[in-house]
Amino acid sequence: MNLRRLGSIVIKELRQLRRDRLTFAMMVGIPTMQLVLFGYAINLDVRHLDAVVLDQAHTARSRELVAQISATDVLRFKHLAQTPQEIDALLRAGKISAALVLAPDFETRFELRDRAPVQIIVDGSDQVIQSAARQLAAFPVYENLGWTAKVSPVEVVNFYNPQRRAPLNTVPGLVGVILTMTLVLFTSIALVRERERGNLEMLIATPVSPWELTIGKVLPFIGIGLVQVTIVLGLGAVLFGVPVRGSLAELYVAALVFIVASLSLGIFISTLARTQFQAMQMSFFIFLPQILLSGFMFPYAGMPVPAQYLAEILPLTHFLRLVRGIMLRGAGLTDLWPSLAALGAFIVVVLSIAVARVTKRLD
């Protein structure tokens, strides 16, 4: 082995890597992003869950209990409910994750210690919220108020998933994850492949407009995305018994909007990348924060506020709220319109930027 020739090859590769700035940026950016996300944004200690309190006792001890539970920072009481029906409506719309209910005979139960005086109702469509409720039930705040019985003072009620089945939490989220992973990647290499094959130069000589080119690239993948949704929903129902409690038509409308948002992102990436390999790299770079920050793997409520702001930009965050709300809680698009509107805004902004960049490339 000639060390001089070997050294020349190494130097050549380093120079080539230096010229390929995108690959070098990915080599530095991906581990940096992983370190920041896992070290700063990802927090398994859930805090500040949006909640409502229904105090039917209205006693000094019940108010003290609400104050002590609020001081734990696990629940953040944003509403004061007057009826159980109000709790059901807020849970279905996804405006709260939990509810603290104090029975009308709260004082009697506290004195007799034969039944739980406190009920915590949680949104069972999110497994992390279930764990937080069980953690809250074990806090010593009840002993501080005089509860000494062996019977637990708290009854945890899981709405929408009383059996605590894990597939009911994961399968709806997998719809969005699979669409994100496939559609963004497939679309991101679409225009790049045309450019590498020299087809873009041919398109310049035709009357095709940038919007026609972009929509023509997107439409076939919309059908592919809808087929993927059907496959996941069908297998989820047959293999795991995952229901669709809401409107199937509204679920497909939400999926259609999310598919267009993912394809818009893929088209935008294709206008930035020069090669198909670069498009794949950039797709993975964007896919990683969507998985970590959307609430699919880690609790959204446990993230710091800056990370939550970043998560609100990502399409998967809003689609998870839509798909879980429709499939598990039986909610409608009228209940979940903020998430649908966020996806629509994302489409308008990203697709407009992508078409503008396509115009520059064609010019």
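A residue is called buried if its relative accessible area is under 20%, exposed if the value is over 50%, and partly exposed in between (1.4 Å probe, protein chains only). Tyrosine 160, with a relative accessible area of 14%, is therefore buried. The structure is a predicted model, in which local features need pLDDT of at least 70 and side-chain atom pairs count only at pLDDT 80 or more, while totals for chains, interfaces and linings use all residues. Residues are numbered from 1 along each chain as its sequence is written, and side-chain values use heavy atoms, with hydrogens and water left out.

The predictor's confidence in each residue is given as pLDDT, on a scale from 0 to 100. The chain has a mean pLDDT of 83, and 86% of its residues reach 70 or more. Helices (H or I, at least four residues) and strands (E, at least two) are DSSP runs, numbered from the N terminus. Among the elements of the chain, the highest mean pLDDT, 94, belongs to α15, and the lowest, 64, to helix α10 (residues 199-204).

Strand β4 (residues 118-123) is mostly covered, five of its six residues being buried. Two strands are taken to pair if DSSP finds at least two bridges between them. Strand β3 (residues 98-102) pairs with β4 in the antiparallel sense over five bridges, and valine 101 stands opposite glutamine 119 in β4. Strand β5 (residues 154-159) runs parallel to β4 and is joined to β4 by six bridges. Phenylalanine 159 in β5 is the bridge partner of aspartate 123. In a regular strand, side chains alternate between the two faces of the sheet.

Two residues have a backbone angle that calls for comment. Most residues other than glycine have a negative phi. Tyrosine 160, although not a glycine, has a positive phi of about 75 degrees; tyrosine 160 is found in the loop between β5 and α8 (167-188). Aspartate 73 is not a glycine either, and has a positive phi of about 70 degrees. Aspartate 73 is found in the loop between α3 and β2 and is partly exposed, with a relative accessible area of 36%.

Salt bridges were then examined. A salt bridge is a side-chain nitrogen of Lys or Arg within 4 Å of a carboxyl oxygen of Asp or Glu. The structure holds nine salt bridges. In one of them, the side chains of arginine 76 and aspartate 50 meet at 2.7 Å, N to O. This pair links distant parts of the chain, with arginine 76 in strand β2 and aspartate 50 in strand β1, 26 residues apart. Arginine 76 has a relative accessibility of 40% and so counts as partly exposed. In another salt bridge, the closest N and O atoms of glutamate 111 and arginine 61 are 2.8 Å apart. Glutamate 111 lies in helix α5 (residues 106-112) and arginine 61 in helix α3 (residues 60-71), so this pair ties together parts that are 50 residues apart in sequence. Aspartate 105 and arginine 115 also form a salt bridge through their side chains (3.0 Å, N to O). Aspartate 105 is in the loop between β3 and α5, and arginine 115, ten residues apart from it, is in the loop between α5 and β4. Aspartate 105 is partly exposed at 24% relative accessible area, as is arginine 115 at 41%.

Pockets were located on a 1 Å grid over the protein atoms alone: a pocket is an open set of points where a 1.4 Å probe fits, with protein on both sides within 12 Å along at least five of seven lines, and lining residues have an atom within 4 Å of a point. Grid points are joined across faces, edges and corners, and a volume is the space filled by probe spheres set on the points. The largest pocket has a volume of about 1000 Å³. Its lining consists of 40 residues, of which Asp50, Gly94, Ser97, Tyr300 and Arg321 lie nearest the centre of the pocket. Elements that give two or more residues to this lining include β1 (49-55), β2 (75-80) and α15 (315-327). The largest share of the lining, five residues, comes from α15.

The second largest pocket holds about 160 Å³ of space. Its lining includes Leu265, Phe268, Met282, Pro289 and Phe346, and the largest share, four residues, comes from α12.
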